Every structure is written in structure tokens, then in C-alpha cells.
Amino acid sequence: MCPDDDLAPEALTAVPEGFRYCFQAMASPCEVRVDTSDPDLARDLGRRAEAEVRRIEAKFSRYREDSQLSAINRSAGASITVDSETAALLNYAQHCFQLSGGRFDITSGVLRRLWRFDGSDNLPTKAEVRRLLPFIGWRRVSWDGSVLELPKGMELDLGGIGKEYAVDRAILAITGVSDCPSLVNLGGDLRVTGPRRGGERWRVAIESVDRARLTDGLLALAHGALTTSGDARRFLLKNGRRYSHILDPRTGWPVVDPPRSVTVAAPTCLEAGLLSTLAMLQGRHAERFLRTEGISAWWVR
Amino acid sequence: MQLKRRKMSRGVAPALGLLTANLLLATAALADPLGPAAPPPVANANINDDTETDLGLTRVDSAVLFYHEANGRVQTTEPMISVAFNSEDGDVLSVKLTSDTLTGATPNGAAPWKQAQTFTTPAQAPGSTAVVTSASGGSSLVTLPGTGTVVRQYTTPAHQLPTDTGFRDQRYAVDAGYSMQWSPESRVSIGGSVSTERDYRSGSINAGYSRDLFEKNTTVSVGLNLEFDQSRPYFGTPTPLTVMSGDAKGGNKSKTVQNIVIGVTQVMNRIWLANLNYSAGQSDGYQTDPYRIISVVDPVTGGPTQYLYESRPSSRFRQSLYMGNKIALGPTFADVSVRAYHDSWGINSITAEINERIPLLSWIYLEPQARYYSQTAATFFHDYLVSGQPLPTYASSDSRLGKFSATTLGLKLGIKTGSTSEFYMLAENYKQSGKSTNPNAIGDLASENLFSGVNATSLVVGFTFAFR
């Protein structure tokens with residue numbers, strides 16, 4: 001991973017596997033590793049990936065006032081016609097909502113007003129959570145495939161799929177122009193284009209949930225994507241009970257008893273991200289979910 | 001087993017894979033200034049897309065049924081409340097309470113006649129010395145001369161179907177069941193019920209097992225049911241085919257029922273779910289209606305010479321084959337089913353039913369319903385018996401065992417009042433039709449309406465809601 005304080009304007013560095021191109025986006029350190037001996041090619045691929053990531057961030061970040069998503073969130077119930085990409089993402093989010101039985105819900109972002117997972121014991125009250133529930137629920141959104149009506153007081157938050165979507169798009173931006181084996185990693189959500197030159201696998205370390213240890217394991221990846229969901233840094237602790245930062249949109253409260261971390265491998269980053277989130281949302285049944293679905297996953301309880 | 005809303009279905013990972021591939025394909029050309037790809041089409045949101053699950057929710061269903069038969073026959077008001085506790089894992093504990101108040105007149109089984117007819121029943125429960133001091137609607141207490149016995153008598157005017165109006169009953173029933181996911185592919189359930197009214201008690205237990213096959217496209221199921229019923233008629237149980245009188249009668253009688261259902265549910269295609277069930281049941285014990293009589297008439301004039309208590313066999317074996325289909329047609333949803341039935345009393349019947357759910361707006365739907373039913377008569381069904389002929393072993397004039405057909409037309413209205421709550425109203429009209437006059441009947445009976453079937457209207461008003 002790139003060091004957080006990497007200030008080099010030219011963020012390309014040589015590494016044993018080839019080159020590493022670093023940048024900061026989506027509030028995370030991002031890197032593109034390219035398995036080539038050609039620095040110009042590496043820089044070009046890195047820039048293409050970075051451009052795609054920034055484009056998606058500018059369009060869909062709820063933190064950016066000028067993003068399309070923020071415009072939607074300010075619409076106060078008016079009818080909005082969205083473009084094809086936004087429509088495709090909303091359709092995807094709707095299907096995930098249905099597939100997950102309502103556990104995955106992009107309208108649940110308003111909960112962050114109450115829940116700040118800073119390691120403190122500041123839990124909201126039941127009444128406070130109950131007051132927010134009328135503003136959560138994809139079912140309250142009117143969406144017919146091209147026109148969106150978001151009721152006043154509700155917000156869309158694509159944080160659950162934004163980064164993973166960006167990884168997949170960045171990979172597509174690279175494979176669209178080159179066969180060079182590459183890896184795109186946005187803050188821990190990563191995907192490879194394929195095995196490295198010579199058929200070797202990429203080495204990935206899973207960050208430990210335990211502050212005392214640096215890594216929990218080392219994985220070797222030849223295809224597909226890896227994401228990790230976990231509460232290594234974000235949680236609340238009250239009366240000896242740990243509240244994970246995975247909130248169940250159906251209740252407004254943290255999921256009960258999820259694993260400390262779940263790492264999922266899947267063909268695309270979107271799938272891996274959704275499956276690891278869905279696993280965490282199963283709480284104490286996360287392992288059963290992962291086993292029954294036959295997902296390649298690693299978890300820490 | 002039926003089209004229940006899935007909790008998170010198995011096969012999330014492959015479905016997700018398909019969806020993701022679609023998304024990335026659809027957005028692949030977006031960076032290309034030459035033109036964006038069209039997003040995959042999504043049907044208009046309507047109530048049938050509802051995938052709200054009841055997982056982790058407690059659902060309460062409350063309703064009242066108002067039932068009214070024409071011509072002063074039975075009326076009942078039946079409130080019901082049921083609660084289902086759904087765990088996060090899909091286990092369900094459910095309890096249902098029903099109470100029933102029936103009033104009104106019910107045919108006593110005798111045939112109408114061109115002159116008034118008087119019927120006599122006991123006035124006190126067997127072994128009791130207390131006497132009913134006020135006769136209930138339409139009947140009077142009479143002391144029989146010579147014996148001093150007090151009996152109850154009521155009279156039916158000429159040309160009318162004899163009915164006993166001294167009829168009022170209160171019934172309470174409790175049903176409870178527990179259903180759980182036994183393994184990722186199978187489900188087990190157990191349950192029981194108890195019902196009691198003044199002259200009848202019933203208790204049952206049931207168990208069921210269902211298993212999914214072929215990635216949940218097929219579900220096979222088996223269910224067993226055991227029931228024990230006790231008949232405790234107000235004034236004792238009469239001996240079958242004896243003369244109707246005010247004499248003291250016998251004690252309580254009981255029966256047992258065993259039933260098995262085997263079924264298979266198959267996803268036929270994306271819009272069609274089919275279900276086939278075979279059911280077989282054996283009832284043993286007292287199955288006669290202790291209050292019903294049958295007229296024995298003069299072979300020439302058709303006038304009543306005697307009234308005998310009816311008699312039904314003590315063994316009954318029933319079988320039925322049911323096929324149901326749920327079909328999604330565009331925004332509407334159709335439920336079409338057929339059932340064929342045969343039993344050892346000689347009754348064969350067929351039922352055909354169709355319901356169509358039509359969403360009007362996203363929060364309101366109409367559901368017209370139609371049902372057609374037709375049955376043949378039991379082998380021992382007789383409108384009346386003829387004096388001078390040998391008595392059969394079994395005889396009953398209950399029109400529910402006779403040949404008739406019935407049409408039900410109904411309309412349901414549902415209003416979604418919240419994400420998990422709904423208010424609904426169902427109005428139904430039920431019309432039975434059997435042979436109303438039989439020109440081959442004896443004497444004057446050829447011009448009487450011998451059919452005692454019903455026309456009934458019912459209205460159910462209900463509200464269902466769920467909470468955590």
C-alpha cells in the first residue's frame with residue numbers, strides 16, 4: 001500500500017513486481033500496480049485508472065456538493081431524470097435491496113447523523129433512532145428506471161458500492177487499452193486483471209483487526225477481486241459491549257454480533273464488496289451465510 | 001412452499017454475479033463519447049414487487065367475519081386475531097384466536113308439507129331435573145299428559161322448510177403452530193388446535209416436513225394431521241333411526257380423524273408457480289348430526305307419518321387432488337385452482353376457483369374472485385323416506401350431503417397503509433342451487449321445494465400490520 005503521507009507529485013515508484021502508481025481519492029490511499037518494465041506504460045495506465053476513479057467520485061460522492069448525487073439529495077421530492085450510468089447503478093442497488101431482503105439499502109445513509117463510530121460510548125437513544133426510521137427505506141423511493149423521486153428528508157448514499165464500482169471501472173479502463181497485468185487497490189478493495197507475467201499470483205496482505213498485529217494473513221491472488229468488511233477502526237464500546245459499524249437499515253441499529261472482519265474473493269469488486277457486506281449484515285449467522293453460498297471467504301470472529 | 005416472500009434467497013452469489021455483469025456491461029461504453037448503453041429495463045414498481053420480508057417482525061392479523069344466510073337462516077359474527085413471531089432465521093411461531101357467535105335457524109331435516117308440522121324435542125339435558133323455564137324463539141314448553149314429562153315443541157307453517165329456531169351457539173378456537181428451517185433445504189412444522197362450543201369439542205395436532213430440490217425450483221412436502229372430536233348434544237345423543245321425541249337420550253359420542261397430505265410445488269417459469277397436492281383422510285366414529293331428522297312419508301299423499309333421527313356411517317374415507325397455479329401476468333397476479341374430491345360415502349365433487357389481483361395504484365388493489373363447486377349426493381342421502389318400505393341402514397336429508405352446485409362471487413379490496421400494514425375488505429356472495437322441486441316426488445311433495453340449501457353473503461373486514 002502507498003504510505004498515507006506520500007507527497008511525491010509524480011506518484012510512480014518502482015517495486016519488485018513492476019511499478020506502483022499512487023494517488024489519494026475517496027478518502028483512501030489508492031494504488032495501481034502494473035507488472036511491466038516500461039515506466040511510461042505504467043504511468044499511463046495509472047493515470048487512466050485515476051481519471052476513472054476521480055470521475056466516479058466527482059459524480060457520486062455524497063461529500064461533494066457539486067456531485068450528481070448531492071443534487072439528488074437536495075431535490076426535496078422533485079422528479080429527477082437521471083443519466084444512464086446513474087440509472088444503471090440505481091437499478092443495481094434496487095436489485096441488491098431485493099436480493100438481500102432489505103438489508104442492503106442505499107437510503108440508510110441518514111443513520112450516520114446519529115452513529116459516529118469513534119470508539120466512544122456515545123450511543124443514540126432508541127427514540128432518536130425511531131425518529132429517523134421514516135426516512136429510511138428504498139421502498140419509499142419512487143424509481144421507474146429513468147425518473148427518480150426521493151422524498152424530502154431522505155438521502156441516497158452510494159458509499160456501499162461506490163468504491164467497489166470505481167475499482168471495477170478502473171480495471172476496465174486499463175484492460176480497454178492494455179494486456180498488461182495490473183492490480184487496482186482503493187483503500188483495501190482491490191481487483192486484478194489476471195495473473196502476473198510468468199503466471200505468478202499477486203501477493204495481498206489482509207489487514208488485521210487486532211491493533212497488536214500488522215496483518216492477519218497473506219493471500220495469493222491470480223484472478224478477481226478481494227474486499228474486506230470489518231470494524232478494525234470503527235466501532236462504539238459501551239458497558240463492555242462492542243457495537244459494530246455495520247448498521248441494519250431495517251432497524252437503524254448495528255447488526256448484532258457480526259464477525260470482526262470478513263474478506264471475500266469474487267470475480268468483480270462489486271460482488272466481493274456486496275457479499276462481504278451482506279455477510280456482516282447476517283450478524284452471528286455470517287459464517288453460515290458464507291458457507292451456504294459457497295463463497296471464498298476468510299473471517300475473524 | 002407457496003409463493004411466500006423469500007427471506008434472503010440462497011443463490012445470492014450467482015444472482016449477484018449476473019447483476020454485476022449486466023451493470024458493468026451497461027456502463028462499459030459510458031466513458032465513450034459515442035453513446036451510453038441503455039440501462040436494463042425495470043418494471044413499474046407496484047404491490048406485486050413487494051419483497052418486504054417479515055423476518056424479525058411480529059405480524060398481527062385481525063379481522064371480523066360477518067356471515068348471513070338468507071331467509072332467517074344462520075348468522076354469525078366471527079372475530080379473529082392471529083399473531084406470528086418471525087425470527088431472523090425464518091422460524092415462525094404463530095397463534096390464532098377465533099370466536100364465533102352463531103344464531104338463526106337451521107333446517108331440521110324434515111320435508112315441507114302442505115299443512116303445518118309440529119316437532120318435539122327434549123326440554124332438559126339427560127340426568128338433569130332442571131327445566132328450561134323460558135322457551136327460545138318460536139318454541140314452547142308442553143307437559144305431556146299422562147307422564148308429566150315436559151318437552152319442547154315448535155311448529156312449522158304449511159309449505160315452509162322446517163327449521164329449528166332455538167339455535168344459538170358460541171364457539172372459541174385456538175390454533176398454534178411452529179415452523180422452522182431444519183436445514184438450508186428443508187423446513188419442519190408442528191402445530192395443534194383446540195376448539196370448543198357448548199355441544200362440541202375438537203382437538204388436533206399436526207406435523208409437516210418440506211424439502212427444496214433443484215435449487216429451490218421444486219419443493220416436496222408431507223403433512224400429517226390427527227384430530228379427536230367429541231359431540232355433546234344439549235339433550236343427549238339420540239339412537240339413530242328412532243322416532244323423534246322428548247324422551248331422554250344417550251351420552252356423548254366421539255370420532256377420530258387421520259389425514260395425510262403430500263404435495264409438490266414447482267416453479268414452472270419466471271411467472272408461474274404450480275402446486276399439486278394429494279390428500280387422504282379417514283374418519284372413524286360418530287359422524288351423524290344429533291339434531292337432524294328425516295321425514296317418513298305416506299306412500300300416496302306424501303304426508304309425514306313419522307320423523308326419525310338421521311343416521312350416517314361411522315367410517316368415512318376421503319381423497320382429494322388439488323392443483324393450484326399462481327401466475328404473474330404483467331402487473332396483475334392470478335390464482336387459478338381446481339380440486340377433485342371423492343369419498344367413501346359416495347360424494348364426488350369438483351371445485352374450480354380463480355382470483356385475480358389487480359393493482360390500481362401502488363398502495364391499493366382489487367381482487368375479484370369466483371368459485372364454482374358441484375357435488376354428487378351421498379349414497380344414503382334421501383329427501384325423505386317412504387313408509388312401508390324397509391328402513392335403510394343409513395339415511396340423511398342434510399342438503400350438504402345431497403346433489404347441488406354452488407357459485408361464489410367475491411371482491412376483495414386491499415389498501416396498503418404502511419410498509420408492512422394493510423387494511424382489507426372481502427365481500428362474498430354464495431349461492432347454492434339444487435333441484436328445487438322434484439316432479440317425481442310423492443303426492444303433494446312434488447310441488448314443495450325440498451332443497452334446503454343456502455344463499456349466503458359474507459363480509460370480512462381486516463387489518464394486518466407488523467412491527468419489530
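## Two chains, and a run of packed helices in chain A

Start with helix α5 of chain A: residues 159-175 make 17 residues, which at 1.5 Å a residue should span 24 Å, and the end C-alpha atoms sit 25 Å apart, so the two figures agree. Keep in mind that this is a predicted model. Chain A comes to 7 helices and 17 strands, while chain B comes to 1 helix and 24 strands.

- In chain A, 46% of the 301 residues are buried.
- In chain B, buried residues make up 21% of the 468 residues.
- Take the contacts in chain A between residues at least 6 apart in sequence: 60% of them join residues at least 24 apart.
- For chain B, contacts with a separation of 6 or more are 62% made up of residues 24 or more positions apart.

**Helix α5 of chain A and its partners**

- Of the 17 residues of α5(A), 13 are buried, so the rest of the structure largely encloses this helix.
- Helix α1 (residues 39-60) of chain A packs on α5(A) at an angle of about 145°, with the axes 8 Å apart, and the crossing is right-handed.
- On the α1(A) side the contact uses A:L45, A:R48, A:A49, A:E52, A:V53, A:I56 and A:F60, and these meet A:G162, A:Y165, A:A166, A:R169, A:A170, A:A173 and A:I174 of α5(A).
- Sorted by type, the residues of that α1(A) and α5(A) contact are 10 nonpolar, 1 polar and 3 charged.
- α5(A) passes α6(A) in a right-handed crossing.
- From α5(A), the contact takes A:G160, A:I161, A:E164, A:Y165, A:V167 and A:D168, and from α6(A) it takes A:C269, A:L270, A:G273, A:L274 and A:T277.
- The residues in this α5(A) and α6(A) contact split into 6 nonpolar, 3 polar and 2 charged.
- A:Y165 turns up in the contact with α1(A) and again in the contact with α6(A).

**Helices α6 and α7 of chain A**

- Helix α6 (residues 269-281) and helix α7 (residues 286-293), both of chain A, pack at an angle of about 135°, with their axes 7 Å apart.
- That makes α6(A) and α7(A) oblique to each other, and α6(A) passes α7(A) in a right-handed crossing.
- A:L278, A:A279 and A:M280 of α6(A) make the contact with A:A286, A:F289 and A:L290 of α7(A).
- The residues of this contact come out as 6 nonpolar, no polar and no charged.

- As background, most residues other than glycine have a negative phi.
- A:M26 isn't a glycine, yet it has a positive phi of about 50°.
- You'll find A:M26 in the loop between β2 (18-25) and β3 (28-34) of chain A.
- A:M26 has 20 other C-beta atoms within 10 Å, so it counts as buried.
- A:A76 isn't a glycine either, and its phi is also positive at about 50°.
- The loop between α2 (68-73) and β4 (79-81) of chain A holds A:A76.
- With 10 other C-beta atoms within 10 Å, A:A76 is exposed.

**Two loop serines**

- A:S146 sits in the loop between β5 (142-143) and β6 (147-149) of chain A.
- With 18 other C-beta atoms within 10 Å, A:S146 is partly exposed.
- Leaving out residues up to four places away in sequence, A:S146 touches A:T81, A:V82 and A:A87.
- A:S146 and A:L90 are 56 residues apart along the chain, and their C-alpha atoms are separated by 9.3 Å.
- Over in chain B, B:S419 lies in the loop between β22 (404-416) and β23 (422-433).
- B:S419 is partly exposed, with 14 other C-beta atoms within 10 Å.
- From B:S419 to B:A466 is 47 residues in sequence and 8.9 Å in space, C-alpha to C-alpha.

How values were computed:
Residues numbered from 1 in each chain as written. Chains lettered and ligands numbered in written order. Predicted model: local features only at pLDDT ≥ 70, side-chain atom pairs only at ≥ 80, totals over all residues. Axes fitted to C-alpha atoms, helices over the stretch in contact; angles between N-to-C directions. Helix = DSSP H or I, 4+ residues; strand = E, 2+ residues; numbered from the N terminus. Parallel < 35°, antiparallel > 145°, perpendicular 65-115°, else oblique. Left-handed = near helix turned anticlockwise from the far one by under 90°. Contact = placed C-beta atoms within 7 Å. Nonpolar A, V, L, I, M, F, W, Y, C, P; charged D, E, K, R; others polar. Expected span 1.5 Å × (residues − 1). Buried ≥ 20, exposed ≤ 12 C-beta atoms within 10 Å, placed from the backbone.
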